[in-house]
Amino acid sequence: MSTPTPIPTPTPSSALRLEPVTPDNFDAVCAVSVRPDQAHLVAPVVKSLAEAYVHEGTAWPRAIVDGDEVVGFVMAFLDIAWNAAADPRDIRSGLWRLNISAAHQSKGYGRFAVAAVTAELRRRGASRAYVTWEPGPGSPEPFYLGLGFHPTGEESAGQTVAVLDLQTA
């Protein structure tokens with residue numbers, strides 16, 4: 001088992017930042033597209049934005065921006081009842097979607113986005129961050145494991161569920 005790489009706290013002075021999705025950046029955010037071999041692993045940004053609209057109180061969608069260029073999209077979920085029927089007290093927050101433009105992958109943007117989301121979750125008082133991924137070839141599992149997420153043994157809609165302890169990360 002490899003040692004996870006600590007998730008750095010993003011620096012506000014960097015040109016790399018998360019921004020709300022606005023009318024000014026909407027088209028650029030919707031144009032973010034992963035590699036064709038990854039398309040089955042993550043929903044298109046436009047679907048995520050529709051979900052953010054209908055889950056207004058729990059979705060936290062953001063553009064990943066480097067300088068003046070949108071390079072990706074990330075969306076967190078905030079304080080949802082994970083399985084209300086089984087345990088209504090099991091309230092979770094975490095990473096809902098992460099889409100890095102095919103042209104900008106393997107440059108640290110995904111790592112930055114996860115760090116920024118976990119920083120926001122800490123700011124909101126969360127002690128853990130959750131994520132799910134599609135298992136199988138091309139899965140982002142190695143990426144998330146490398147950041148310190150650990151599978152919980154649960155599945156959600158066929159996806160692996162993992163958690164990161166924000167008090168030690």
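This is a predicted model: local features need pLDDT of at least 70, side-chain atom pairs count only at pLDDT 80 or more; totals for chains, interfaces and linings use all residues.
Okay, so let's begin with a word I'll keep using: a residue is buried if its relative accessible area is under 20%, exposed if that is over 50%, and partly exposed in between, using a 1.4 Å probe and protein chains only.

Residues are numbered from 1 along each chain as its sequence is written, and side-chain values use heavy atoms, with hydrogens and water left out.

Let's look at helix α2, residues 45–54. Its buried residues are Val45, Ser48, Leu49, Glu51 and Ala52. Look down the axis of α2 and these fall within an arc of 160 degrees, so they line one face of the helix. That arc is taken from the directions from the helix axis to the C-beta atoms.

Now the cores. A nonpolar core is a set of buried Ala, Val, Leu, Ile, Met, Phe, Trp, Tyr and Cys residues joined through side-chain atoms within 4.5 Å. The largest one has 26 residues, and Ile64, Leu98, Tyr144 and Phe149 have the most contacts inside it. Two or more residues each come from β2 (59–66), β3 (69–81), β4 (91–100), α3 (109–123), β5 and β7 (159–165). Which element gives the largest share of this core? That's α3, with seven residues.

On to the rings. Rings of Phe, Tyr and Trp (its six-membered ring) pair if their centres lie within 6.5 Å; planes under 30 degrees apart are stacked, over 60 edge-to-face, and the rest tilted. We have five aromatic pairs here. In one of them, Phe77 and Trp82 have ring centres 6.0 Å apart and planes at 35 degrees, so that pair is tilted. Phe77 is buried at 7% relative accessible area, and Trp82, at 21%, counts as partly exposed. Trp133 and Tyr144, on the other hand, are stacked, 5.8 Å centre to centre with 5 degrees between the planes. That pair links distant parts of the chain, with Trp133 in strand β5 (128–133) and Tyr144 in helix α4 (141–146), 11 residues apart. Both Trp133 and Tyr144 are buried. Ring pairs also tie Trp133, Phe143, Tyr144 and Phe149 into a cluster.

Last stop, backbone angles. Asp79, in strand β3, has a positive phi near 50 degrees, and at 56% relative accessibility Asp79 is exposed. Ser106 sits in the loop between β4 and α3, with a positive phi of about 65 degrees, and Ser106 is exposed too, at 81%. Finally, β6 and β7 form a hairpin with two residues between them, and Ala157 in that turn has a positive phi of about 50 degrees.

Definitions and conventions:
Helices (H or I, at least four residues) and strands (E, at least two) are DSSP runs, numbered from the N terminus. Two strands pair if DSSP finds at least two bridges between them.
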